[in-house]
Amino acid sequence: MTSSNSADQAFDSWAKDDRADGMENEHWPFVKQAFDLIPNNSGDYLEIGVGTGYAIRYMANHQFSRGRCFGLDISSEMAGLAKQRCQEFKNISIEHADFLARDFSDLQKFSLIFSMEVFYYFPDIQKGLDKASSLLQPGGQLWVLLDYYKENKITHDWPEKYQIPIRSWSMADYRNGFIDAGFSKVEQRQFIDAQNNISNPSDFGTLCTFGIKPE
Ligand SMILES: C[S@@+](CC[C@H](N)C(=O)[O-])C[C@H]1O[C@@H](n2cnc3c(N)ncnc32)[C@H](O)[C@@H]1O
């Protein structure tokens with residue numbers, strides 16, 4: 001067994017090879033299913049852990065084309081790659097930063113915060129949900145998508161396979177975590193890849209949890 005990497009080290013190396021684009025291609029069909037549920041918005045969008053920046057570019061072109069889009073990533077290489085790929089967008093700004101450590105007092109409250117495959121890297125998932133809640137304006141929404149959760153057996157080998165420390169929460173843990181962070185109207189969906197005809201009984205799909213910060 002090799003020693004484990006921190007998320008920033010691991011994703012620095014992913015950004016330098018074709019795993020960054022592979023990750024984008026794998027995630028997009030599920031992210032798109034969430035984005036199809038999100039209406040147009042003229043406020044500010046925050047994306048935590050942007051990776052290559054594909055999702056923030058979509059939002060800047062579509063639902064948030066009249067708003068501003070902020071993205072951050074703890075990996076300097078991923079943040080650099082996303083910055084490069086988003087440079088023609090005037091309404092996108094990307095930073096190299098740890099979401100849990102970044103002080104957001106210089107920015108207005110967001111109307112929507114989104115992340116795909118990020119929250120389980122946080123040493124304390126509840127802290128991430130609480131912080132996201134504190135950064136939203138009343139009526140703002142948090143959308144958290146992930147494949148690594150207790151019910152999704154197909155991902156149970158990830159700690160061993162990827163050697164990056166990750167935390168396992170169940171669907172109920174995410175739902176309750178949202179409620180404890182003050183969200184109302186908390187809903188969950190499990191997205192499957194409709195294009196993929198070969199179903200795997202261990203694959204329970206991408207878990208999407210979303211909620212609204214009360215007015
Ligand atoms: C599995 S990748 C997903 C990237 C992208 N969201 C996607 O859908 O392809 C997780 C990303 O989250 C970033 N990340 C992990 N912990 C973070 C933190 N505390 N703050 C900001 N980014 C973080 C990693 O560097 C990595 O780019």
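Which residues of helix α5 (residues 125-134) are buried? The legends below take up this and other views.

The model is predicted: local features need pLDDT of at least 70 and side-chain atom pairs count only at pLDDT 80 or more, while totals for chains, interfaces and linings use all residues. Residues are numbered from 1 along each chain as its sequence is written.

**View 1. The buried face of helix α5.**
Gly-128, Leu-129 and Ala-132 are the buried residues here; a residue is buried if 20 or more other C-beta atoms lie within 10 Å of its own, exposed if 12 or fewer, and partly exposed in between, with C-beta atoms placed from the backbone. Helices (H or I, at least four residues) and strands (E, at least two) are DSSP runs, numbered from the N terminus. Looking down the axis of α5, you will find its buried residues within an arc of 95 degrees, so they line one face of the helix; the arc is that of the directions from the helix axis to the C-beta atoms. These buried residues pack against β4, β5 and α7 (171-180), where two residues are in contact if their C-beta atoms, placed from the backbone, lie within 7 Å.

**View 2. Ser-133 in helix α5.**
Ser-133 counts as partly exposed because it has 18 C-beta neighbours inside 10 Å. Not counting residues up to four places away in sequence, Ser-133 touches Leu-142, Ala-181, Gly-182, Phe-183 and Lys-213. Of these contacts, take a look at Gly-182: it is 49 residues from Ser-133 in sequence, yet their C-alpha atoms are 7.1 Å apart in space.

**View 3. An open sheet of seven strands.**
Follow the strands across in the order β3-β2-β1-β4-β5-β7-β6, with mixed pairing; two strands pair if DSSP finds at least two bridges between them. At the edges are β3 (92-96) and β6 (184-191), each pairing on one side only. From one strand to the next, the twist averages 15 degrees. Helix α2 (residues 19-35) packs on the sheet and touches β4 (110-116), β5 (136-146), β6 and β7 (206-212), its direction making about 150 degrees with that of β5. Helix α3 (residues 54-61) also packs on the sheet, touching β1 (44-48), β2, β3 and β4, and its direction makes about 175 degrees with that of β2. For these angles, axes are lines fitted to C-alpha atoms, for helices over the stretch in contact, and angles run from 0 to 180 degrees between N-to-C directions.

**View 4. Strand β4 and its two partners.**
With β1, β4 pairs in the parallel sense over three bridges, and Leu-46 stands opposite Ile-113 in β4. With β5, β4 pairs in the parallel sense over six bridges, and Met-116 stands opposite Leu-145 in β5.

**View 5. Glu-117 in the loop between β4 and α5.**
Glu-117 has a phi near 60 degrees, a positive value in a residue other than glycine. Most residues other than glycine have a negative phi. Glu-117 is buried because 20 other C-beta atoms lie within 10 Å.

Five bridges join β3 to strand β2 (residues 68-73), and the two run parallel; Phe-70 has Ser-93 as its bridge partner in β3. Ile-94 counts as buried because it has 25 C-beta neighbours inside 10 Å. Leaving aside neighbours within four places in sequence, the contacts of Ile-94 include Val-50, Gly-71 and Ala-82.

**View 6. Helix α4 (residues 76-85) and its cover.**
Met-78, Ala-79, Leu-81 and Ala-82 are the buried residues of α4. Down the axis of α4 they fall within an arc of 160 degrees, so they line one face of the helix. What covers them includes α1, α2, β2 and β3.

**View 7. The shell around the ligand.**
Here 22 residues surround the ligand, the closest being Phe-11, Gly-49, Gly-51, Ser-75 and Met-116; a residue is near a molecule if its C-beta atom, placed from the backbone, lies within 6 Å of it. At least two residues of the shell come from each of α1 (7-15), α2 and β2.
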